[in-house]
Amino acid sequence: MKKPQQNEPRLAAICVADLHLSSRPPAARSVETDWLRVQAGYLEQLRRLVVSPVGEQRVPVLCAGDIFDRWSSGPDVINMALAHLPHMHSVYGNHDLPNHDPKQLKRSAWWTLVKAGKVTPLEPDIPVEVSGGGTILRLHGFPFGSKVRPLREPHDLALEVAVVHAFIWTKATGYAGAPSDQHRNRWLNRLAGYDAAFFGDNHKPFAFVPKEGDGPTLCNL
C-alpha cells in the first residue's frame with residue numbers, strides 16, 4: 001500500500017504558530033490603541049478560512065505552540081481568544097508554560113482553552129487522527145521540551161504529521177552561534193517516518209522539501 005495520492009492539490013489543514021496573544025502590543029505595533037481588537041481581527045481571518053457560514057469547521061487547524069505571549073494572560077486576552085479562535089489541535093510552547101515546567105501546565109491560560117474545548121492537546125506517543133479535505137492525518141505532538149523521535153511504524157493510508165515547538169534554523173533563518181544540533185538537516189534524522197513536520201519557536205518562516213526518501217517536508221511557521 002502507498003500513501004494517499006491526490007491528482008489535484010486540496011487543502012488538508014491550516015497550520016499556525018507563535019500567535020503570542022497579549023493585552024499590550026509589542027514595540028513594533030506600539031501605535032495600536034486597541035490591541036485586543038486588532039488581534040481579534042486576525043483571528044477572525046483565520047476563522048473565516050476554516051469555518052463555513054453555518055459554523056462547520058472545514059479543515060483542522062494545527063498550532064505549533066505559543067498561543068499566548070504569557071502563560072498567565074488575563075481574562076481580557078483569554079476571553080478574546082475564546083470568542084474568535086476556531087478550534088485548534090495544538091502543542092504548548094515555552095510562553096504557554098508556567099516557569100517552563102510541564103507539571104504546572106494546568107495553571108496556564110493555554111489550559112483554559114483546553115478546558116473550554118477550543119484546543120485539543122497534542123502529546124508525544126498519543127497520535128490524534130483527523131480528516132481534512134478527504135485526507136486522513138495522524139497528528140503527533142511534541143510540545144516544548146519534548147524529545148522528538150523517529151516514527152517506527154507509519155501508517156500507509158494516512159499522512160503522518162509532527163507538530164513541534166522547538167528551534168529549527170537554516171543559514172538564512174538562524175543567528176550567529178545557533179546550536180548545530182537544531183539545524184534543519186539534523187532534524188531530518190529525528191523525524192524519519194513522518195511525511196511532514198510543522199515547527200513553532202523561530203519566528204522566521206521557511207519551508208524545505210527534501211529529495212524523496214531523505215525525510216519529511218519541514219515547515220517553520
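This is a predicted model: local features need pLDDT of at least 70, side-chain atom pairs count only at pLDDT 80 or more; totals for chains, interfaces and linings use all residues.
Local features need pLDDT of at least 70 and side-chain atom pairs count only at pLDDT 80 or more, while totals for chains, interfaces and linings use all residues. Residues are numbered from 1 along each chain as its sequence is written, and side-chain values use heavy atoms, with hydrogens and water left out.

A search of the whole structure gives four aromatic pairs. Rings of Phe, Tyr and Trp (its six-membered ring) pair if their centres lie within 6.5 Å; planes under 30 degrees apart count as stacked, over 60 as edge-to-face and the rest as tilted. One of the pairs is Tyr92 with Trp110. Their ring centres are 5.7 Å apart and their planes stand at 85°, so the pair is edge-to-face. Distant parts of the chain are linked here, 18 residues apart: Tyr92 is in the loop between β3 (88-90) and α3 (109-115), and Trp110 is in helix α3. Helices (H or I, at least four residues) and strands (E, at least two) are DSSP runs, numbered from the N terminus. Tyr92 is buried at 11% relative accessible area. Trp110 is also buried, at 2%. Buried means under 20% relative accessible area, exposed over 50%, and partly exposed in between (1.4 Å probe, protein chains only).

Trp187 and Phe199 form an edge-to-face pair, with 5.0 Å between centres and 70° between planes. Trp187 belongs to helix α4 (residues 184-190) and Phe199 to strand β8 (residues 196-200), so the pair ties together parts twelve residues apart in sequence. Both residues are buried.

Charged ends also meet rings. A charge sits over a ring if NZ of Lys or CZ of Arg is within 6 Å of the ring centre and within 35 degrees of the ring normal. The charged end of Arg190 sits over the ring of Trp187, 4.5 Å from its centre. That of Arg184 sits over the ring of Phe208, at 3.9 Å from the centre.

Arg138 lies in strand β6 (residues 135-142). Its relative accessibility is 12%, so Arg138 counts as buried. Beyond neighbours within four places in sequence, its contacts (heavy atoms within 4.5 Å) include Glu129, His155 and Glu160.

A nonpolar core is a set of buried Ala, Val, Leu, Ile, Met, Phe, Trp, Tyr and Cys residues joined through side-chain atoms within 4.5 Å. The largest has 27 residues, of which Leu21, Ile67 and Phe68 touch the most other members. Two or more residues each come from β1 (14-16), α1 (35-50), β2 (61-63), α2 (75-84) and α3. Apart from this core lies another of 15 residues, among them Val164 and Phe206.
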